[in-house]
Amino acid sequence: MVRFKVNEIFHSIQGEGTRAGRACVFVRLTGCPLRCVYCDTQYAFYEGGFMELAEIVQEVKQRLGPPQYGPDAPFVELTGGEPLAIPGAPDLLRALQKLGCEVALETAGSHDLAPVPKAVIKIVDRKTPGSGEGHRWLESNLDHMVPGQDELKFVLLDEADYTWSKAWCAERGVWDRYTVLFSPVHGGLDPAWLAERIVADRLPVRFQMQLHKLVWGPERNGV
Ligand code: SF4
């Protein structure tokens, strides 16, 4: 029987990406081999309890309630930690897809995306130099992202991160294929500075902030 160490399963509002504001059931798996300097989920490095795949799917189903299919219907996101560091994560994604709702995956882009089902919405966090984990990036992951569906996220610590990210995107033309999200590290880079630079530089990227931290504060888990 396939088992996963689960840090938490909770029902909240998606705080990031193009689905921000939509109700979402989050499944947070335990464990991450990265150590980003600004990590806000260190509690997911080790804490959690084991659950069988079927138990996870059943709990998600209960939290989602009756099936809904509109553009803003509740959906489910697998997150961490780093979900793809956990063996069997693609199987869990496939099982969640069978619930019939949208399924999203939040990943650092440090692990191979090839085994992830194409229709899973991949929100890929391209770690910047400021994170301390930029070298973990797997460039081949760009070949496994679906244009028009998947998203590339940059969490920027400072101006050097902004300059680096802008150059990285321009070299590859990624903003012609994917939604590119630039967000400031919470409590780090000034959001107004970032928004103004994006506008002044005419970047085809989407500014975002972590909605859940604005609503519930930065310290609260499970939201
Ligand atoms: S990849 Fe995510 S969970 Fe892992 S250290 Fe970085 S921010 Fe934290």
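Tutor: Gln 210 contacts Gly 15, Glu 16, Ser 183 and His 186, leaving aside neighbours within four places in sequence; two residues are in contact if their C-beta atoms, placed from the backbone, lie within 7 Å. The model is a predicted one, in which local features need pLDDT of at least 70, side-chain atom pairs count only at pLDDT 80 or more, and totals for chains, interfaces and linings use all residues. Residues are numbered from 1 along each chain as its sequence is written.

Student: Does Gln 210 count as buried, partly exposed or exposed, and why?

Tutor: Gln 210 is found in the loop between strand 9 (206-207) and helix 5 (211-216). Helices (H or I, at least four residues) and strands (E, at least two) are DSSP runs, numbered from the N terminus. A residue is buried if 20 or more other C-beta atoms, placed from the backbone, lie within 10 Å of its own, exposed if 12 or fewer, and partly exposed in between. Because Gln 210 has 17 C-beta neighbours inside 10 Å, it counts as partly exposed.

Student: What distance separates the C-alpha atoms of Gln 210 and Val 185?

Tutor: Gln 210 and Val 185 are 25 residues apart along the chain. The separation of their C-alpha atoms is 9.2 Å.

Student: In what pattern do the helices and strands follow one another along the sequence?

Tutor: The chain has five helices and nine strands. Read along the sequence, the pattern is β-β-β-α-β-α-β-β-β-α-β-α-β-α.

Student: What share of the contacts between residues at least 6 apart in sequence joins residues at least 24 apart?

Tutor: Of the 223 residues, 38% count as buried. Among the contacts between residues at least 6 apart in sequence, the share that joins residues at least 24 apart is 71%.

Student: Around the axis of helix 1, what arc do the buried residues cover?

Tutor: Helix 1 (residues 53-64) has buried residues at Ile 56, Val 60 and Leu 64. They lie on the same side of helix 1, because the arc they cover around the axis, taken from the directions from the helix axis to the C-beta atoms, is only 65°.

Student: Which exposed residues are carried by the face of helix 1 turned away from its buried side?

Tutor: The buried residues of helix 1 are covered by elements including strand 1 (3-13), strand 2 (23-29) and helix 2 (89-97). The face turned away from that buried side carries the exposed residues Ala 54, Gln 58 and Gln 62.

Student: Within what arc do the buried residues of helix 2 fall?

Tutor: Ala 89, Pro 90, Leu 92, Leu 93 and Leu 96 are the buried residues of helix 2. Seen down the axis, they line one face of the helix, because they fall within an arc of 160°.

Student: Which peptide bond is cis, with omega near 10°?

Tutor: Gly 81 has its place in the loop between strand 4 (75-79) and helix 2. The cis peptide bond, with omega near 10°, runs from Gly 80 to Gly 81.

Student: What is the phi of Arg 202?

Tutor: Arg 202 lies in the loop between helix 4 (191-200) and strand 9. With 6 C-beta neighbours inside 10 Å, Arg 202 counts as exposed. Although Arg 202 is not a glycine, its phi is positive, at about 55°.
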